Amino acid sequence: MTDVLLGLPPLIGPGARLLICGNMPSVMSLASGEYYGNPRNAFWRITAEIVGFPADAPYPARVAALRSHGIAVWDVLRSCVREGSLDSTVRPDSMVPNDFATFFERHPTIERMVFNGAAAEANYRRLVRDAPAKPSLRVPSTSPAQTMRYAEKLAAWRTALAG
C-alpha cells in the first residue's frame, strides 16, 4: 500500500498579490522540503528569468526573490496517494485540497492565481468550493513531463506573471 503524501506549507510574504498554484509537490520536492526540487523542473529557471534572480541561488534566496515581487507559491492538494511524481498517478479518491478559504482570508492582498499546469487548475476547480473567486490563468506545466519547448513555456509564464 502507498503512503499518504502530505504537501508543503505555502511560500508567502506580506502583501503577496499573485499565487502560483501547483498540484502536489514531486517526490524530490517532498524529500527536500523545497518546492520544485527536481532540477529538471523549469519553475526556478523560468521565474528567475522573469523576476531577475540567479536560478542557481540557494533555495532561501530564490524564495525571498519571489516574495519580494509579491509572488506566493502553494499547491492545490494538501494530501493524496500517488505512485511516483506524475499528476496522472494521483488516486482521485485520495485527493484532499488545501484550505484556500482560510488562506485567502489570511492573505487578502492575493488578487489572482496562476495554475502551473492543467492538473492544478482542474483539481482546484473540482475540489475547492468554499474559497472566494479569484481571476486566474493556466500556464504550461514546468514539469519535465510537459514536453513543450522551453521558449514557449517561458513566453506563456512571462505573460501570466506580468498580469
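Select Trp-74 and Phe-100 to begin: both residues are buried, where buried means under 20% relative accessible area, exposed over 50% and partly exposed in between, with a 1.4 Å probe and protein chains only. This is a predicted model, in which local features need pLDDT of at least 70, side-chain atom pairs count only at pLDDT 80 or more, and totals for chains, interfaces and linings use all residues. Residues are numbered from 1 along each chain as its sequence is written, and side-chain values use heavy atoms, with hydrogens and water left out.

Next, select Phe-43 and Trp-157, which are both buried. A search of the whole structure finds 13 aromatic pairs; rings of Phe, Tyr and Trp (its six-membered ring) pair if their centres lie within 6.5 Å, and planes under 30 degrees apart count as stacked, over 60 as edge-to-face and the rest as tilted. The ring centres of Phe-43 and Trp-157 are 6.0 Å apart with their planes at 85°, so this pair is edge-to-face. Because Phe-43 lies in helix H2 (residues 43-51) and Trp-157 in helix H6 (residues 150-162), the pair ties together parts that are 114 residues apart in sequence.

Returning to Trp-74 and Phe-100, you will find a tilted aromatic pair, 4.9 Å centre to centre with 50° between the planes.

Now widen the selection to Tyr-35, Tyr-36, Phe-43, Trp-44, Phe-53, Tyr-59 and Trp-157, which ring pairs link into a cluster.

Key: Helix = DSSP H or I, 4+ residues; strand = E, 2+ residues; numbered from the N terminus.
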